[in-house]
Amino acid sequence: MTTAHHQLLIVDDEPNVLLTLGMIFELDGYNVSKAGSCAEALKMLGNGTRYDAVITDLNMERQDIGLEVARAALQLTPRPVVVICTGYADLRNTQAALDMRVDYFATKPVDLDELKGAIRRLKERSTLARRIAG
Amino acid sequence: MAIAPNPEVKLALVVHPNLSVLSKFQEAFKQAGMTTLLARDLPTALIAIAQNDFEIAVISWRVTEPGDGWALGATLRRVFPFAFVAVLANETSVPTLKEAINQGFDQLYEESRPTEEVATQVVVHFSKRPRPGAVQ
């Protein structure tokens, strides 16, 4: 499955992370949108753009606020692949991510090949599942 | 292995090396109106996965050796994208929760909890999960 034209939203309050991840996924063929805060991400998720995947940090305006981005993304139809990428994983936020059925949980420093592979596999899986569900 | 006689009856798979744990799950699920297939090892579990459509699966993180249950869960998720797949883990920690998410499990329960309690929780969590059309 090609990643060309797949819409990816990256949410992180660290400009360097946004820049680096953005470049890497653009080189991989994704159309990348970026949000520097939870508020900005929620606005983008609500504007009708169909995202294939959303990668969000957890700690931005406040601790674990990225869970709100994940929750909003998980409610979209069709549902994008949702990935949490954080340097501050703890029992509470990891359990919350499992409970809300986030697709992938990565801890910083991120293994980029693993992250790219996971998103590709998960996207394939969700496309197949959508076909099965009709 | 028994096959569910009625398509309305939910078919569950429980994979665990301990026969007593398997029996308790089977009894608890039976009371919830489910038919349960049991497996004590990976080959039996894989045959069951190949021959049946499961809506619920509960897998020990340790079937034959520590950690092999995680990969079995990932296999189940790929074959049955809408099934409720839970893992019985040795502990609730960031690494085990992360593994559960990344292997596609819906929920993690500590294996030290009473089996009947976990079975009840599985039924509750299964009934609350979104239906296929709404999930993906």
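# Working through a two-chain model

In β2 of chain B, B:A39 is the bridge partner of B:V15. This is a predicted model, so let's take the exercises with that in mind.

**Exercise 1. Follow strand β1 of chain B: which strands does it pair with, and over how many bridges?**

Step 1. Start with β2(B). Strand β1 (residues 11-15) of chain B pairs with β2(B) in the parallel sense, and there are five bridges.

Step 2. Now look at β3(B). It pairs with β1(B) over four bridges, again in the parallel sense. Here B:V15 stands opposite B:I59.

**Exercise 2. Work out whether β1(B) is enclosed or open, and which way its residues point.**

Step 1. Sort the side chains by direction. B:L11, B:L13 and B:V15 point one way from the strand, while B:A12 and B:V14 point the other way.

Step 2. Check burial. The cut-off for a buried residue is 20 or more other C-beta atoms within 10 Å of its own. Every one of those residues on β1(B) is buried.

Step 3. Conclude. Five of the five residues of β1(B) are buried, so the strand is largely enclosed by the rest of the structure.

**Exercise 3. Describe how helices α2 and α3 of chain B pack: how do their axes lie?**

Step 1. Get the geometry. The axes of α2 (residues 42-51) and α3 (residues 68-79) of chain B come within 11 Å and cross at roughly 5°.

Step 2. Name the arrangement. Angles under 35 degrees count as roughly parallel, and α2(B) and α3(B) are therefore roughly parallel to each other.

Step 3. List who touches. α2(B) brings B:L42, B:A45 and B:I49, and α3(B) brings B:D68, B:L72, B:T75, B:L76 and B:V79. These contact residues divide into six nonpolar, one polar and one charged.

**Exercise 4. Move to chain A: which elements touch chain B, and which gives the most?**

Step 1. Size up the contact: 20 residues of chain A meet 16 residues of chain B.

Step 2. Find the elements. α4 (91-99), β5 (104-107) and α5 (112-133) of chain A each give two or more residues to this side. α5(A) gives the most, with seven residues.

Step 3. Sort by type. The chain A side divides into 12 nonpolar, three polar and five charged residues.

Step 4. Place β5(A) in its fold. Four bridges join it in parallel to strand β4 (residues 81-86) of chain A, with A:V83 partnered by A:Y104. The chain gets from β4(A) to β5(A) through α4(A), in a right-handed β-α-β crossover.

Definitions and conventions. Residues numbered from 1 in each chain as written. Chains lettered and ligands numbered in written order. Predicted model: local features only at pLDDT ≥ 70, side-chain atom pairs only at ≥ 80, totals over all residues. Axes fitted to C-alpha atoms, helices over the stretch in contact; angles between N-to-C directions. Parallel < 35°, antiparallel > 145°, perpendicular 65-115°, else oblique. Contact = placed C-beta atoms within 7 Å. Nonpolar A, V, L, I, M, F, W, Y, C, P; charged D, E, K, R; others polar. Pairing = 2+ DSSP bridges. Right-handed = clockwise from strand over helix to strand, strands pointing away. Buried ≥ 20, exposed ≤ 12 C-beta atoms within 10 Å, placed from the backbone.
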